[in-house]
Amino acid sequence: MFLRDHWYVAALSREITVVPLSRQILGEHVALFRTEAGVPVALADRCPHRGYPLSLGMVVGEQLVCGYHGFTFDCSGTCVAVPAQDRIPGRANVRAFHVVEQGPFVWIWMGRSEADLSALPDTPWLSDVERWSAVSGVAAINASFELLVDNLLDLSHETFLHRGSIGTPEVATTPIEVEVADEAKVVRVYRPMNAVECPPFYARTTGLEGKVDRWQDIEYTPPGYYLLHARIAPVGEPPRPDGTDDHAYHMKILYGLTPSSEGKVLDFWALSRDFCVGDAEIDRFLENMQVGVVQEDVDALNILQLRSDELMEMGEVSVKIDRGGLAARRMLSAMGEAAMSH
Ligand code: FES
Ligand SMILES: [Fe+2]
């Protein structure tokens, strides 16, 4: 069962063009395209005439023309033209989904009720190109949404799974603090690593050397929005009482977790930094690094999914590093129960 009344990332902004894209989201096929005026649109990917995927059709102006017999739809999914007749059957409309474009992402509301714009994740740094630079991407994983939640909520795996890239010993050896805001529906996991070795990718991009303070603060808003705040600063330079933190280097790593179908999940990401802003070479370096890191997660989760039957039978052994993941599981199952009783 999927949690429908929430915002999910549907696509990277750059993926949506006048050539329609087919994507399965929460088990539904959705046709995503941009009109010639540049407006992103999401329609149910099934023509009401004979069921041909609308994503195989063609954008003409502000409309989408079915690629089979030419039924034509406007951005609200209303059928506006049928070949060889003037009368348009009342049932020929398709569902339109509410989408919002923000920075590198297009978010979609899959709920049956009206889209709740107040619940849309607020990501101002993704549009603030003066102060932040971002690289983004997406990976399709043949594993359940829940396995991706587990993965992201426990970053101690960086030390082992990502040992060749971002992992350093201290990620796994530093205890975490977990905070659960049940009302606000947020799970926070803090990992302050003080006076630790500067990982090579930070040394390369910040120019810092030797020991640094490195903090990783996770903020997970189930189901689909995860934000990792990373802060790195010379040893012993915490944020000042006046709230300024300019001597530190910051990254915000946003993950959009979008269930595709049962046992499949889309892993969208945007890695933003407030240093080397506008540096295209650093963009490429961080993009390559992140693509490699995400692939390591994809490979691990694909294997876990193949073994998932066995896992269910044998159970798990949870320890302290799992507290964030367990809190997220509890919150998700409470949300699932609440949605069911509606
Ligand atoms: S299936 Fe779309 S017009 Fe016939
Ligand atoms: Fe990972």
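Strands β7, made of residues 72-73, and β8 pair in the antiparallel sense over two bridges. Phenylalanine 73 has cysteine 79 in β8 as its bridge partner. The model is predicted, and this pairing is part of an open sheet of four strands in the order β5-β6-β7-β8, with antiparallel pairing. At the edges stand β5 (58-60) and β8 (79-81), each of which pairs on one side only. Strands of a sheet pair through backbone hydrogen bonds, and the sense may be parallel or antiparallel.

Another part of the structure holds an iron ion, ligand 2. The arrangement of the four donor atoms around the iron ion (ligand 2) is irregular because they subtend angles of 57 to 145°. For four donors to count as tetrahedral, all angles would have to lie between 85 and 135 degrees.

Valine 186 counts as buried because its relative accessibility is 7%, and the cut-off for buried is under 20%. Leaving aside neighbours within four places in sequence, valine 186 is in contact with Glu179, Val180 and Ala181, with Glu219, Tyr220 and Thr221, and with Met331. Glutamate 313 lies 127 residues from valine 186 along the chain, and the C-alpha atoms of these two residues are separated by 30 Å.

How values were computed
Residues numbered from 1 in each chain as written. Chains lettered and ligands numbered in written order. Predicted model: local features only at pLDDT ≥ 70, side-chain atom pairs only at ≥ 80, totals over all residues. Heavy atoms only, no water. Pairing = 2+ DSSP bridges. Donors = N, O, S within 2.8 Å, 3.2 Å for Na, K, Ca; no water. Tetrahedral: all angles 85-135°; square planar, octahedral: opposite > 155°, others 65-115°. Buried < 20%, exposed > 50% of the residue type's maximum accessible area, 1.4 Å probe, protein only. Contact = heavy atoms within 4.5 Å.
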